[in-house]
Amino acid sequence: ASPTTAPVTSFGVAFDTFNCVGGSGVMGLAVSGGFVYTAGYSQLTGQSEDNTPRPTVMKYDTALDRVWKVRDTTVGSGILRAVAVRGESVYAAGYVYTPGVPGSEQYLLQKYDLDGNLVWSRTWGGAQSDVVTAVAATPLVVYVVGYSNGAGLGGVVVQAEALVAGVDVDPAQRRRVDAGDRGDERDRLAD
């Protein structure tokens with residue numbers, strides 16, 4: 001087939017036959033147990049989704065056929081920027097926000113099981129942009145990194161501050177450690 005007639009296939013979708021209205025994007029990728037996991041957002045109004053970008057996690061097999069897609073409509077608008085798999089758990093991280101409101105981003109961390117069921121979802125942050133950009137998991141702690149623009153550690157307003165957080169895998173024991181310009185501070189995540 002010539003380059004102009006050959007279908008372009010990406011993650012199980014042949015774009016020469018796919019009629020899409022809306023948009024979606026993948027920001028994070030993880031491979032585990034013979035599967036590929038992606039994190040991003042989906043707003044495919046032509047596929048019966050609402051006109052809001054929602055945090056989305058997808059799982060693909062080795063042939064890149066989609067096994068499942070989870071589009072979380074419970075947290076509002078949001079984008080997942082990273083995904084990690086550890087044992088029987090999939091962790092996705094990014095941010096939620098209010099459309100049209102600059103600086104409304106809040107940290108988002110979610111845990112799914114390997115079948116795509118949401119186990120828990122947590123948001124936190126301050127008065128300005130708070131975004132998680134990467135996630136990694138150990139058996140006991142999920143680590144996230146990102147940034148905050150606004151009120152930082154101790155309520156001090158800063159232009160930009162780094163986030164390094166460790167969140168216990170057991171939600172009853174969630175802890176966060178922020179590390180930024182002003183040193184380390186430990187506190188508990190609110191439910």
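This is a predicted model: local features need pLDDT of at least 70, side-chain atom pairs count only at pLDDT 80 or more; totals for chains, interfaces and linings use all residues.
1. M58 stands opposite K69 in β6. Strand β5, residues 54-60, pairs with β6 in the antiparallel sense, over five bridges.

2. β5 and β6 belong to an open sheet of four strands, ordered β3-β4-β5-β6, in which the pairing is antiparallel. At the edges are β3 (23-32) and β6 (66-71), each of which pairs on one side only. With direction ignored, neighbouring strands of this sheet are turned against each other by 20° on average. As background, strands of a sheet pair through backbone hydrogen bonds, in either a parallel or an antiparallel arrangement.

3. K59 lies over the face of F35, at 4.1 Å from the ring centre.

4. S77 is found in strand β7, which covers residues 77-86. Its relative accessibility is 5%, so S77 counts as buried, the cut-off being under 20%. Leaving out residues up to four places away in sequence, S77 touches T52, P53, R54, Y95, V96, Y97 and P99.

5. Q106 is placed in strand β9 (residues 106-113). Is Q106 buried or exposed? Q106 has a relative accessible area of 19% and is therefore buried, given that the class requires a value under 20%. Apart from neighbours within four places in sequence, Q106 is in contact with G94, Y95, V96, W124, G125, G126, Q128 and D130.

6. Four aromatic pairs are found in a search of the whole structure. One of them joins Y107 and W124 in a tilted arrangement, 5.2 Å centre to centre with 45° between the planes. Y107 lies in strand β9 and W124 in strand β10, so this pair ties together parts that are 17 residues apart in sequence. Y107 and W124 are both buried.

7. D115 sits in the loop between β9 and β10 (118-124). With a relative accessible area of 60%, D115 is exposed, because that class begins over 50%. The C-alpha atoms of D115 and V70 are separated by 9.8 Å, and the residues are 45 apart along the chain.

Methods
Residues are numbered from 1 along each chain as its sequence is written. Side-chain values use heavy atoms; hydrogens and water are left out. Helices (H or I, at least four residues) and strands (E, at least two) are DSSP runs, numbered from the N terminus. Buried means under 20% relative accessible area, exposed over 50%, partly exposed in between (1.4 Å probe, protein chains only). Contact means heavy atoms within 4.5 Å. Two strands pair if DSSP finds at least two bridges between them. Axes are lines fitted to C-alpha atoms, for helices over the stretch in contact, and angles run from 0 to 180 degrees between N-to-C directions. Rings of Phe, Tyr and Trp (its six-membered ring) pair if their centres lie within 6.5 Å; planes under 30 degrees apart count as stacked, over 60 as edge-to-face and the rest as tilted. A charge sits over a ring if NZ of Lys or CZ of Arg is within 6 Å of the ring centre and within 35 degrees of the ring normal.
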